[in-house]
Amino acid sequence: MMMKREYRTAFNKLRKIGVPVYDHGGDDFIISAEENYDTTWADYYRENDVALDDFGVNHKINDILHDHGLFAEWENGGVLGVSKK
């Protein structure tokens, strides 16, 4: 299955800024919260509170997803799923 346009565009923009995004073969994608090396992109436990919203997601991720009618939510403590609003 091919990723839908809004997902593909957001995926490419996030990847360009260094977010660890993964196409898992569906029409959407996931974001790893286990690859916070130079930048904290997502932290379920909010141990590193820099640039994170109340749910532990970096504001840069939220801004790009919002621009494409998408949002991120936790699938588990290491993965954010991306969904349409």
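Tutor: The following account goes through the sheet strand by strand and then turns to the helices. Please bear in mind throughout that this is a predicted model.

Let us begin with the overall arrangement. The sheet is open and has four strands in the order E1-E2-E4-E3, with antiparallel pairing. E1 and E3 stand at the edges, and each has a single partner strand, so one side of each is left without a neighbour in the sheet. From one strand to the next, the twist averages 35°.

Strand E1 covers residues 21–23 and pairs with E2 in the antiparallel sense, over three bridges. Within this pair, Tyr22 is placed opposite Ile30 of E2. E1 and E2 together form a hairpin, with five residues between them. In the turn of that hairpin, Gly25 has a positive phi of about 85°.

The next strand, E2, consists of residues 29–32, and both of its faces are covered. In a regular strand, side chains alternate between the two faces of the sheet. In E2, Phe29 and Ile31 are on one side, Ile30 and Ser32 are on the other, and all of these are buried.

E2 also pairs with E4, in the antiparallel sense and over three bridges. Two positions illustrate this pairing: Ile30 stands opposite Gly81 in E4, and Ser32 stands opposite Val79 in E4.

The last pairing joins E3, residues 70–76, to E4, residues 79–84; the two strands run in the antiparallel sense and share six bridges. Here Leu70 is opposite Lys84 of E4. E3 and E4 also form a hairpin, with two residues between them.

Is Val82 buried or exposed? Its relative accessibility is 2%, and because a residue under 20% is classed as buried, Val82 counts as buried. Leaving aside residues up to four places away in sequence, Val82 touches Tyr7, Asp28, Phe29, Ile31, Leu65, Leu70 and Phe71. One of these, Ile31, is 51 residues away along the chain, yet the C-alpha atoms of Val82 and Ile31 are separated by 7.7 Å.

H1 lies across E1, E2, E3 and E4, and runs at about 145° to E1. H2 lies across E2, E3 and E4, and runs at about 125° to E3.

How do these helices meet each other? Two packed helices are described by the angle between their axes and the distance between the axes. H1, residues 5–16, and H2, residues 59–67, pack at an angle of about 155°, and their axes are 9 Å apart. Angles over 145 degrees count as roughly antiparallel, and H1 and H2 are therefore roughly antiparallel to each other. The crossing of H1 with H2 is right-handed. At the contact, Ala10, Lys13 and Leu14 in H1 meet Ile61, Ile64 and Leu65 in H2. The residues of this contact comprise five nonpolar, no polar and one charged.

Finally, Leu65 links two parts of this account: Leu65 belongs to the contact between H1 and H2, and Leu65 is also among the residues that Val82 touches.

Methods. Residues numbered from 1 in each chain as written. Predicted model: local features only at pLDDT ≥ 70, side-chain atom pairs only at ≥ 80, totals over all residues. Heavy atoms only, no water. Pairing = 2+ DSSP bridges. Buried < 20%, exposed > 50% of the residue type's maximum accessible area, 1.4 Å probe, protein only. Contact = heavy atoms within 4.5 Å. Axes fitted to C-alpha atoms, helices over the stretch in contact; angles between N-to-C directions. Parallel < 35°, antiparallel > 145°, perpendicular 65-115°, else oblique. Left-handed = near helix turned anticlockwise from the far one by under 90°. Nonpolar A, V, L, I, M, F, W, Y, C, P; charged D, E, K, R; others polar.
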